[in-house]
Amino acid sequence: MNRLNIRPTCFLPMLLAAGLACAQPAPLALDDSPARAQRLPDAARAEGTLVFYTSLNEQNMAYVVAAFEKKYGIKVRTWRSNADRVLQRMLTEFQAGRFEVDVVHPGSGELEVLYREKVLQKIESQQYKHLLPAAMPAHHEWAPTFLSVWVQAYNTNAVKKEDLPRTYEDLLNPKWKGKLGIEAGNDDWFGKIVSEMGEARGLKLFREMAENNGLSVRKGHTLLSNLVISGEVPFAVTMYNYLPQAGKKKGAPVDWLALDPVIARANGVGVARRAPHPAAALLFYEFLISEEGQQLFADRDYVPASRKVKWPIKADIKVIDPAVSLDQSEKWAKAFQEIVLKRGR
Amino acid sequence: MTTTDTQRRIELKWVIVAVAIAAVAYLALVPLAFLLWESFFTPRSVTRAAEFTLENYRTAYGSLETVRLFVNSLQYATGSALFAFVVGTLLAWMNERTNTPLKTLFFALSLIPLIIPGVLFTVAWIFLGSPKIGILNMLLQRLFETDYVFFNVYSMWGMVWVDGLHYSPMAFLLMTAAFRSMEPALEESAMMCGAGVLQTLWRITLKLAWPAVFATLLILFVRALESFEVPALLGLPVGIHVFTSSIYQAIHEYPSQVGLACAYGVTLLVITTAGIYLQSRLTGRGGRYSTITGKGFRPRVIDLGRWRYLTAAIFVVYFLLIVALPFLVLVWSSLQKFYAPPSLAALQQLTLDPYRFIIAYPPLLPAVMNTLLVAVGSATVIMLITSVICWITVRTKLPGRWLLDMLASVPLVFPGIVLGLALLIFYLNFKVGVYGTLTILFLAYLTRFLPYGMRYNTTSMLQIHRELEESAMMSGSTWSTTFVRILLPLLKPGLIAGWIYIVIVSTRELSTSILLYSPGTEVVSVVIWELWENGQYVELSALGVMFIIGLLTLVLTAQLLGRRFGLREV
């Protein structure tokens, strides 16, 4: 793994290899000319298959993957797990020198870790100019596909429309006592929103909310979403936008709103540095961030990263910078724990 | 008999013993070494190699916070273990030692709580016992016209109740095995001398089953200490945090603090080791607990007389109030488009869509096949290996044999994710073609459920007096013949109970599987997790209902098959 640890004996061959690499045309990943777009499908078809690790919702992912498979005739072997495990598995495989995965699709936090651990490769693409700049990392080792936007969800039987809050401050009103819920792992949301509000004001707001009205802490957005639908949690302060939207479509008594500032985390895609199917991997990467792929995400109520596709939500969205979030993770995890988790009621 | 014959026979015996020891050592030592080794190292990343450190232990045990969490965990685990034990034992006693009517039916029904996937079981209890929308509270409030909250699952008692109930089938199975192989002579003498039924149960039956009692409590206690689901769903909303949350927190950080998680895990290791050592001391003194001897053993039940209607009534009440309730919540949820508390309006919305969805769900069938293969395979192999290991720890005088028992029991303490990581790293570097196949899941389940097989077999083995084997040997039978023809049939109650338990829990195993499965080797628990993550609660409920029916069929078949061989009432 450690690339700087070069012994003198292998130095010469490496120098030669580097020289050869320079002599060749720019590698496929860095060549964003139209010529690549033309020869990529054939090269990918010759590889025939690719391995894909993702933390994305099974049904929705299957929808996107099926469209890609149908279009190019390339078989995608998907492995799905939660974001933590996607990260662990990929890093462990790399450290053991087993290069199985081609494309990875977790949250931006995990992608940033993968970038820092040097397992992704830099890619240039014509599509980048259409993607939301705030979500696009400068190092170009991964690209955003859609945003997980945090909204507020409520049970329409338990909360009347005219009672809905207009600002976060409204949630300090005693009428919300015992009605608020929050997800247990949202420390990155917490860090971003408190920073946006101004640290002193933000911390004071959530401290008062938790102390006076109580925040019922629930593990997992899907659990929280089901509990909102059942009426157990009348109002969820944090919820991924597509969950209540899906419930609403089924006719469940749930709706959502987005209080300012609206915070989002990007989800994105990266190609492994040692991808065994480099062309297929690149083709899939391009597909996911293309207008066509982006539309597929929008079909499933996600907020696509591309500005060429219509958004299902109208708001000034503040996207979490995963690098900042990663560097400050300890601080915010601690604050979230102290203010929300420990006082939650 | 010629000398070469004897030699060959002796060799075969020691070959089998050596193979069993080697298998257990291999399965247990890989994750154990990983746990201990990692606990002394900093996280490794590309930029920084792992370094030796004692910091993990300092962080883990240097704060009052850990003590506070541990006290919560102790309360929770003690409560849950005792509750599960009392419920499971009472049911097992009524089922095995008495002539309660309808009891054959109750055996399979007693297992239902264990079959329901943990998350569904806990959520069902939220829907039953939440102060806000709990069906039980709503009914009682309407009945007495009050807003008094009768039940609150969000409390330490609620957690103990839900977890204890969920694992009472484990106590039930272990104690069933113990009670089934019990010779009634002593109980009958007690009754003759005028002891009542309960007095006999307390003074004789439980005393005779003492190794099983101890083993059951130990394994229930350690499992509850290590459990995560119930505290996360019921404790978290009211600020009750437990020890295991620290382990998950540590893994979740970046860089992942695996070492810290392992350092926390060492506490569980110490507790389990102490428990196993105590048990080996307790049971070390030969045949004190053997009830199966050469003197005409007949496993006969106690005639309760008219009291048998009372025990039958207890059964019925237990099933209606405790087993059927969460099951009915599942059935109710599985017939809706989304969960709504029972009402007339909701009644009109009933649909079979969730079942249609599940039946047509493409990933389901391959996952069921994989799960069946791995669950049945690992349960069978574990029960056979541990029967040999038990024979060594119970019958032989090998020095340090309690260590062998301990070795087979330590996997109990590994948090699922740590075990998953240990196997992941080991098989990635030790290239034997296991990684990425179903075999790695098989090995993971073997490791994870080895301790259960050990406890089930040990309790049964302790009840069999060595004189039966000795007479077989005297009659010229070889060790392996004795083992297969005498020991295994007598062990059968424990073998079957343990087998059923492992099959059920391995179909539910998620924390290790989700890291170790690969494209093409999906298992049912992963499908369940996916449905849950997709927010498809009603579809998942439908799967849960089908799951219960499927596993019950399997259990009933095993029971019927089992009845054809081995112990029978005379």
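Two strands pair if DSSP finds at least two bridges between them. Helices (H or I, at least four residues) and strands (E, at least two) are themselves DSSP runs, numbered from the N terminus. This is a predicted model, in which local features need pLDDT of at least 70, side-chain atom pairs count only at pLDDT 80 or more, and totals for chains, interfaces and linings use all residues. Residues are numbered from 1 along each chain as its sequence is written, while chains are lettered from A and ligands numbered from 1 in the order in which they are written.

Start with strand 4 of chain A, residues 142-155. 14 of its 14 residues are buried, so strand 4 is largely enclosed by the rest of the structure. Buried means that 20 or more other C-beta atoms lie within 10 Å of the residue's own; exposed means 12 or fewer, partly exposed is in between, and C-beta atoms are placed from the backbone.

Now look at the partners of strand 4. Strand 9 (residues 262-271) of chain A runs antiparallel to strand 4 and is joined to it by 7 bridges. There, Leu147(A) has Ala266(A) as its bridge partner. Strand 10 (residues 303-304) of chain A is also antiparallel to strand 4, over 2 bridges. Phe146(A) faces Pro304(A) in strand 10, standing opposite it.

Strand 7 (residues 235-240) of chain A pairs with strand 4 in the antiparallel sense over 4 bridges. Trp150(A) stands opposite Tyr240(A) here. Strand 8 (residues 254-257) of chain A is antiparallel to strand 4 too, with 4 bridges. Asn155(A) has Val254(A) as its bridge partner in strand 8.

Turn to strand 1 of chain A, residues 49-54. 5 of its 6 residues are buried, so strand 1 is largely enclosed by the rest of the structure. From strand 1, the chain crosses through helix 3 (residues 58-72) to strand 2 in a right-handed β-α-β crossover. Right-handed means that, with the strands pointing away from the viewer, the path from the first strand over the helix to the second runs clockwise.

Strand 3 (residues 103-105) of chain A also runs parallel to strand 1, joined by 3 bridges. Thr54(A) stands opposite Arg80(A) in strand 2. Thr54(A) also stands opposite His105(A) in strand 3.

Finally, move to chain B. Tyr289(B) sits in the loop between helix 14 (258-283) and helix 15 (307-334). Tyr289(B) is buried, because 21 other C-beta atoms lie within 10 Å. Ile464(B) is 175 residues away in sequence, but its C-alpha is 8.3 Å from that of Tyr289(B).
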